[in-house]
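Subject: Handover of a protein structure

Dear colleague,

Please find below the structure that I am passing on to you.

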Amino acid sequence: MNRLIVLGTGSTLPTKVLSNAGLEQMVDTSDEWITTRTGIKFRRIASVGEHTSKLASSAARNALEMAHLGSADINMIIVGTITPDMGMPSCACLVQKELSAVNAFALDLNAACSGFVYCLDVAEKYIKVDPSMKILVIGAETLSSRVNWEDRNTCVLFGDGAGACVVSGSADDHRGLLASKLFSDGSLYKLLYMDSAPSMNKDLLSKDHDGSYIKMAGRDVFKYAVRSMEMAILNVLEREQVPIDDIALIIPHQANIRILKSLAERLGVASEKVYINLDKYGNTSAASIPIALDEANREGRIKPGDLVLLCAFGGGFTWGASLFRW
Ligand code: ACO
């Protein structure tokens, strides 16, 4: 059986750092509130020229370098994002242009914070058909462009960044992506959503359009996030008959430290086995897992043969999990 394997990882963060102390100057909040409720201390904020496609391209270059591949080797680019530079073309097409990846086709995928595990799942389907394909799987966001900076309920949570993987196929049945499972429930979308720009067609103009920024029912999102990620993880473990104790590292979407602690408790997993970097970057939506995966990989936290679990939850609602033998 042909399995998806990761040939290289990369990430890029904007240079500008916004600390909790900086946020105290902008809204009625405190370092103590943000730290205890979310675990976040800093986030990166994009500046001039650091559009989503630029961050994505830079992360992709780092992944290509690790994979010892050039842009022309890439056959497909898939970007998970809810903050593309433009409505059209896709962010992936702009990445293709930036990299001169002339042999690729390119598309975006919107699954909010679950974007990266969704993109991996799609890439796997192409790899199964043609294992020689080299695919850039990217999660990239500039959420700072879609946050209401006067709403303390949301603006303290998010940050910008990009992460990427180069993936291909392997006939070695014992390594690579062992299982992937996706879920969604659109009926709950109002608990976490972001309107598009107001319609130019008055007949389609939403009566309750109140700005194109992120709105969230925090407590509800919290409950669904914990239960849903647990369910997705148990699903892939059961399918592969892998006990949770065999997992070397869980790399979850970096939403909130309390969500991740709660998840670890429910799964009976030691906190050292859950990779956390949200203190440095906040919630970077689709970018959070590939950034964390790249950091863990470069830090040597993932060894060949390790079982690694990715799990995500986000707007839609969308959620899912991927189980790898590295
Ligand atoms: N600073 C200070 N006070 C604040 C802030 C802030 N930044 N934000 C809210 N508060 C206040 C509220 O106004 C409220 O005040 P009140 O009691 O006078 O009305 C009080 O703090 C408590 O508000 P709650 O919303 O009940 O606080 P809670 O303990 O639920 O924490 C939080 C809020 C952190 C958003 C939590 O619900 C949460 O983590 N939810 C998950 C949401 C999440 O992670 N979303 C990310 C996107 S989805 C995803 O990536 C999975």
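In what follows, a residue is called buried when its relative accessible area is under 20%, and exposed when that area is over 50%. Please note that this is a predicted model.

Overall form

The protein chain contains 10 helices and 13 strands. Its C-alpha trace spans about 55 × 45 × 40 Å along the principal axes. A compact globule of 326 residues would have a radius of gyration near 20 Å, and the protein chain has 19 Å, so the two agree. Of the 326 residues, 55% count as buried. Among contacts between residues at least 6 apart in sequence, 77% join residues at least 24 apart.

Surface and charge

The accessible surface of the protein chain comes to about 14,000 Å², and carbon and sulfur atoms account for 52% of it. There are 33 positive and 37 negative side chains, and the centres of the two sets lie 1 Å apart.

Aromatic residues

A pair of aromatic rings is described by the distance of the centres and the angle of the planes. Counting rings whose centres lie within 6.5 Å, the protein chain has 7 aromatic pairs. In one of them, the ring centres of F183 and W319 are 5.5 Å apart and the planes stand at 10 degrees, so this pair is stacked. F183 belongs to strand β8 (residues 176–184) and W319 to strand β13 (residues 318–325), so the pair ties together parts that are 136 residues apart in sequence. W319 also pairs with F313: here the centres are 6.2 Å apart and the planes at 35 degrees, so the pair is tilted. The relative accessible area of W319 is 10%, while F313, at 4% relative accessibility, counts as buried too.

Where does S285 lie? Its place is in the loop between α9 (278–281) and α10 (288–298). S285 counts as buried because its relative accessibility is 1%. Leaving aside residues up to four places away in sequence, S285 touches I82, A112, C113, E141, L143 and H253.

With kind regards

Key:
Residues numbered from 1 in each chain as written. Predicted model: local features only at pLDDT ≥ 70, side-chain atom pairs only at ≥ 80, totals over all residues. Heavy atoms only, no water. Helix = DSSP H or I, 4+ residues; strand = E, 2+ residues; numbered from the N terminus. Rg over C-alpha atoms; globule rule 2.2 N^0.38 Å. Buried < 20%, exposed > 50% of the residue type's maximum accessible area, 1.4 Å probe, protein only. Contact = heavy atoms within 4.5 Å. Areas by Shrake-Rupley, 256 points an atom, 1.4 Å probe, with all protein chains shown as cover. Lys, Arg positive; Asp, Glu negative; His and termini not counted. Charge placed at Lys NZ, Arg CZ, Asp CG, Glu CD. Phe/Tyr/Trp six-rings, centres within 6.5 Å; stacked < 30°, edge-to-face > 60°.
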